[in-house]
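Me: Can you walk me through this one, going helix by helix?
Reply: Gladly; here is the model.
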Amino acid sequence: MMMLALESQQAAQLRLCRLGLGGVAAIDEATLMVSEKVQAFGDACASVMSGQPTDTVIGDYRAVVQANIRRLTQVG
């Protein structure tokens, strides 16, 4: 859970930098951010309701966060 917290902070920092630049990229990032959060919440709810262990739910969230970090740190 600690790693999820740390990685989430890193992703938030990267997203804030992207949003701070403004323009079309910021609008696209904000739209993507909201849709991803809604999707991740729905997936987590479904996992919990199906009886998945907490570690699995956290691992799934971490995978999404890590993918965002990779995407936001890509050059170009």
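Reply: Helices (H or I, at least four residues) are DSSP runs, numbered from the N terminus. This is a predicted model, in which local features need pLDDT of at least 70, side-chain atom pairs count only at pLDDT 80 or more, and totals for chains, interfaces and linings use all residues. Residues are numbered from 1 along each chain as its sequence is written, and side-chain values use heavy atoms, with hydrogens and water left out.
Me: Where is A30?
Reply: A30 lies in helix α2, and its relative accessibility of 28% makes it partly exposed, which is the range between buried (under 20% relative accessible area) and exposed (over 50%), taken with a 1.4 Å probe on protein chains only.
Me: What separates A30 and R15?
Reply: Their C-alpha atoms are 8.5 Å apart, while the two residues are 15 residues apart along the chain.
Me: Switching to α3, which residues are buried?
Reply: The buried residues of α3 are V57, I58, V65, N68, I69 and L72. They cover an arc of only 110° around the axis, which places them on the same side of α3; the arc is that of the directions from the helix axis to the C-beta atoms.
Me: And what is exposed on the other side?
Reply: On the other side of α3, D55 and R70 are exposed.
Me: What covers the buried residues of α3?
Reply: The cover includes α1 (2-20) and α2 (23-49), where contact means heavy atoms within 4.5 Å.

Definitions and conventions
Helix = DSSP H or I, 4+ residues; strand = E, 2+ residues; numbered from the N terminus.
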